[in-house]
Amino acid sequence: MRVLEVEDVYSGYGETEILHGISVYVAPGEIATIIGPNGSGKSTLMKTIFGLLLPTQGKVALDNEDITGLRPDRIVRKGMCYVPQSDNVFPSLTVLENLEMGAFIRDDDYSGSITDVFARFPVLEERKSQRAGSLSGGEQQMLAMGKALMLNPKVLLLDEPSAGLAPRMVEEILQKIVEIKHSGVAILMVEQNAKEGLRLSDRGYVLAMGKKRFEDEGLALLNNPDVGRLYLGD
Amino acid sequence: METFVGYLNYFIFFAIQGSIFAILCLGLNIQWGYTGLFNIGIAGFYAVGAYTSALLCGPPPSSLDWRIVGGYELPFVVGLVGAMGVSGVLAFLIGIPTLKLKEDYLAIATIGIAEVIRLVLKNEAWLTNSVWGLKNLPSPLQGEIDGKISAFLASHPNFPHWLNDLISNGYNWFYLLIGLVLVAVLYLASERIIRSPWGRVLRAIREDEEVASVAGKDVFWFKMQSLVLGAMMMGLAGGLYAHFAKFIDAMSFEPMFGTFIIWVMLIAGGSGNSKGAILGAFVIWAVWAGTDFFTGHIQMAGYREGALRVLLIGVILEVVLLVRPQGILGEEKMVSKMYEERSAPGKKR
Amino acid sequence: MGQFPQLIVYGLISGSIISLGAIGLSLTYGILNFANFSHGDVMAVGAFLALAVLGLAKGIGIPSHPIGPFSFGLSMVVALVAAMVLTAVVAIAIDRILYRRFRKSGPIVLLIASVGVAFVLRNIVQFIWSPLPSYYIKKIQISKKFLGIRMKPDEVFIILFAAGAALALHLFLTRTKMGKAMRATSDNAELAKVTGIDTERVVIWTWGIGAALAAAGGVMAGIEDKFITPELGWQLLLYIFAAVILGGIGSPYGAVLGGMIIGLSTEMSTGFIDTAYKPAVAFILLVIMLLFRPTGLIRSK
């Protein structure tokens, strides 16, 4: 059962086409990671899925519903959330206020979700009245994810969650992502830290020059000598 | 026939003022159209040029004046050159602190400059004679030409009335000629500039300042040159105005309006286009002057007429921005397309 | 030298009026990245709308006799509230009709458009009410001496009103969902959209609140001077821009701080220089800030 299905998508900026027919999917409770060199189109793909870019061809479906080209705030209502790579929290709002904003479109009592997020990321509860801008890189990343989780999304798009973090933090963040996956969320993730990313992924995609080069289970890609030589620096 | 001559004489007057506006627009075109400098202080340069020329060429202060400076009765050309010089220096001084600023910050800073200039003109009566103004300003060769005209008319006493009216306005034809010649010269200069290497740097700065500076160009210095050159043209326009109107005071150069209408002219005509600058000047001036005829038919209090006219210009600006922001003529087409095209960021939301 | 406490009081009054205008300007500048040159004239529109409603209120019999020590009555209070609401509607309408279409066009196009709007607003006001002074209250109010300072009860009202408005705004921004959404959008509009916040609705609220406060500022200016003219807005524009830049674009708290500083410094400068050059003081502060600390005293972009 594929909760997110991306079919044969072509997309880019203005005259420049970056993606030349990409197809990926994610099922509930699994992590699919996209790796590839810089400029391969990973970020473009995420933005196209989330409606920040309009594809010229192809289809994006969420729970079998066509959401191609819908605006981000519509897509959020359908149950897919996006965590950008950087500038992903509101710096002048407190941790708690950031979470409240995550729940903006909800009409119901979301205090339960806040408790859940704090349970998942205890450090956020400690700092709940602190300005988000004063948090460390890792804490901000956790807050960004917590914010996205306030809507109990079916699909979570993570754009380079470990970017710019210290190695120990990277470990912690990736661990949290696995925990989130276990709660049933489908996660599509772009990771620069290719090896780490693939290690905990159920499946992976290797993108290069806007096309899909490899697609397989996470560990299989990790052990694939071609992938290793070309993309993992082995 | 007489009404025809009446209209013709009005048209001469209209065209002289139009030329003055055209020169102001050409100056703004250098600063904004070519270089992207947003300047709300135009009326300041215009006023400073007018006052400089008036003080250099005008009569000495009378016993009734508050003013104690100026009145050297120098020739017209000296007045114009002085006007350009002082405006240029003023632009230079203003540019030093402000040209480093981002475009919208520059705009905000120039409100302040416009205000300060207005205050100085109004308050420093020892220099400007404040609201009482400078009067009896001379016009070049007026004595000689009027003299010849009078003599000519006197020797032909049996001319029909209309011919008399036509010829006695002859001086203004001469002044119009001066105006048109200056417009033509500055137009050609603008055209040369934009095609020169210097002009290309200005264009590059307007498009993307960071790229230009990375390419090794001293962006600040180029902006300064553009500011000063544009200001000198505006000062020249001021001098031309002073000797045409023959009277100036602190109220003649209401900064915001004097600046605003020039902006509308340039945008409507096509900024970045020297033909557009001239076209816009005459078109908007025609609209403005035209409303005079129109409201003449409807009885209305003076201030209401004034308000409606400014309102109209404001609405024209908004319509142009909405419907055709590049103006009537759009930006000037250049031989090198390199600086023209920028790929728009696709279908980005 | 004994005049300084008095000048400080004038500074507080002036600062209160400027702050009310600066808050709206700062909010829209921060969220929409656009220097709104028509904001001063929005203040003027508010002042004149209040005048109109005042006339109407008196006409239908709402009492005008002075409340307590103040020179105005219930009719003025009604006029003030009505003006705030009406001006908010006007500002929102202008955004929907005009500015909204330029959202993608960059800050300079919006700036130019707002200059056009400034002239349109000012001249509509002039058309209807003439350039001559229009009076709110004809009665002269006597100032009372208090600890060596002369103040009119109306002036105390102005300062208290501004303080109250600032407090109310603070509560709105920190206690309500829309208030927090406004702060979030001001921080990062793109992220706000991605988070699901309805940024267009945030924009409408921003215009509304900013304009309502501006209208109040215009009315306060009228209460202080006793009369208003269509030039009111342009006269205040330089001061409110200076206040916004000083305080930091996008920060309403900065706007209040900036407003007070500008008010105090311009009034106190009259102890040394000609009062005619008050705007020059504001201008110098503005340029210094732009050159050395364009992000303002309180955090901003």
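This is a predicted model: local features need pLDDT of at least 70, side-chain atom pairs count only at pLDDT 80 or more; totals for chains, interfaces and linings use all residues.
Chain A to begin. It holds 10 helices and 10 strands. How does its radius of gyration sit against a compact globule? A compact globule of 234 residues would come out near 17 Å, and chain A has 17 Å, so the two agree. The C-alpha atoms of chain A fill a box of roughly 45 × 40 × 35 Å along the principal axes. Buried residues make up 47% of chain A. Now contacts with a separation of 6 or more. In chain A, 67% of them join residues 24 or more positions apart.

On to a sheet in chain A. It is open, with four strands in the order S2-S1-S4-S5, and the pairing is antiparallel. Which strands stand at the edges? S2 (16–26) and S5 (65–66) of chain A do. Each has a single partner strand, so one side of each has no neighbour in the sheet. Look at the S5 edge. S4(A), residues 57–62, pairs with S5(A) in the antiparallel sense over two bridges. Ala61(A) has Asp66(A) of S5(A) as its bridge partner.

Now chain B. Here we have 14 helices and zero strands. Along the sequence, the pattern is α-α-α-α-α-α-α-α-α-α-α-α-α-α. The radius of gyration of chain B is 22 Å, close to the 20 Å that the globule rule gives for 349 residues, so chain B is as compact as a globular protein of that length. Its C-alpha box is roughly 75 × 45 × 40 Å along the principal axes. Of the 349 residues, 45% count as buried. For contacts in chain B with a separation of 6 or more, residues 24 or more positions apart account for 80%.

Methods. Residues are numbered from 1 along each chain as its sequence is written. Chains are lettered from A and ligands numbered from 1 in the order in which they are written. The radius of gyration is taken over C-alpha atoms; the globule rule is 2.2 Å times the number of residues to the power 0.38. A residue is buried if 20 or more other C-beta atoms lie within 10 Å of its own, exposed if 12 or fewer, and partly exposed in between; C-beta atoms are placed from the backbone. Two residues are in contact if their C-beta atoms, placed from the backbone, lie within 7 Å. Two strands pair if DSSP finds at least two bridges between them.
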